[in-house]
Amino acid sequence: MVKAKELTVEEKLTALNELQKIDSKIDEIKVLRGELPMEVKDLEDEIEGLTIRTTKLEREIQEWETSITNNQNAIKDAQNQIAKYNEQSKQVRNDREYDAIIKSIELQNLEIQLCEKKIRDANNKIKERRAYYEESMKKLEKKQKALVDKKEELTKITAETQIEEEKLEKKSASQGKKIEDRLLQAYKRIRNNYKNGLAVVTIERDSCGGCFAKIPPQRQLEIRQRKRIIACEHCGRIVVEL
Ligand SMILES: [Zn+2]
């Protein structure tokens, strides 16, 4: 950085101004590319969430279907038992035996009713989850389609601007090397502080070109003399008149 220290204030200001011009062009490209990268990321997140949801719903539907099958089997078992008891009832020797068989049949009928209720409940759950599943799938398909479109758009815009951007990034890096480290860090810090990325501004209508605060005439004169680096008192941006 020996060379950098040899620069006069005016040369430093010119170097900073040049760097700002290059970096502003990079910013312009990024604005042109816009919110697309973030929109792509958002869509990818939404798709991931919807995929997890639909997979979970599928598994739940399967579990309810299994429970229906189990209950249907239990009903068949109970019906077989009832048939057996009915056969036995034909061969009873006394009332006590008969009553016992009737009670057993009643128990099996209760079991059947309970299973039937469980099947109804399961069917309701399945219906509810299917509706939610369909709705989620529709959303998922829509988001997937949107993602393909957005990615395509992003690829196109990136391809159009990438070469230009890379060239400017290189230019910015080499321009940055001309500026002493402390000043470059300050420039970067100011640039990061403002959404429009402006760290170096000019005087516009007696005001700071960054925040539009009035600059007193004496200070304007100092800026024009380029004897020292002057920052706007309000926003801290470096004000140059070259
Ligand atoms: Zn300002």
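**Note on a predicted single-chain model**

1. At 42% relative accessibility, Asp206 counts as partly exposed, because that class covers values between 20% and 50%. The model under review is predicted. In it, Asp206 sits in the loop that joins strand S1 (200-204) to strand S2 (207-208). Its phi is positive, about 65°, although Asp206 is not a glycine.

2. Most residues other than glycine have a negative phi. A further positive value is found at Arg226, where phi is near 55°. Arg226 belongs to the loop between helix H6 (217-225) and strand S3 (238-240). With a relative accessibility of 23%, Arg226 also counts as partly exposed.

3. The chain contains six helices and three strands. Read from the N terminus, the elements follow the order α-α-α-α-α-β-β-α-β.

4. As to overall dimensions, the chain has a radius of gyration of 39 Å, whereas a compact globule of 242 residues would have one near 18 Å. The C-alpha trace spans about 125 × 35 × 35 Å along its principal axes.

5. Of the 242 residues, 34% count as buried. The chain exposes about 16,800 Å², and carbon and sulfur atoms supply 51% of that area. Among contacts between residues at least 6 apart in sequence, 73% join residues at least 24 apart.

6. Regarding charge, the chain carries 50 positive and 46 negative side chains. The centres of these two sets lie 4 Å apart.

How values were computed
Residues numbered from 1 in each chain as written. Predicted model: local features only at pLDDT ≥ 70, side-chain atom pairs only at ≥ 80, totals over all residues. Heavy atoms only, no water. Helix = DSSP H or I, 4+ residues; strand = E, 2+ residues; numbered from the N terminus. Rg over C-alpha atoms; globule rule 2.2 N^0.38 Å. Buried < 20%, exposed > 50% of the residue type's maximum accessible area, 1.4 Å probe, protein only. Contact = heavy atoms within 4.5 Å. Areas by Shrake-Rupley, 256 points an atom, 1.4 Å probe, with all protein chains shown as cover. Lys, Arg positive; Asp, Glu negative; His and termini not counted. Charge placed at Lys NZ, Arg CZ, Asp CG, Glu CD.
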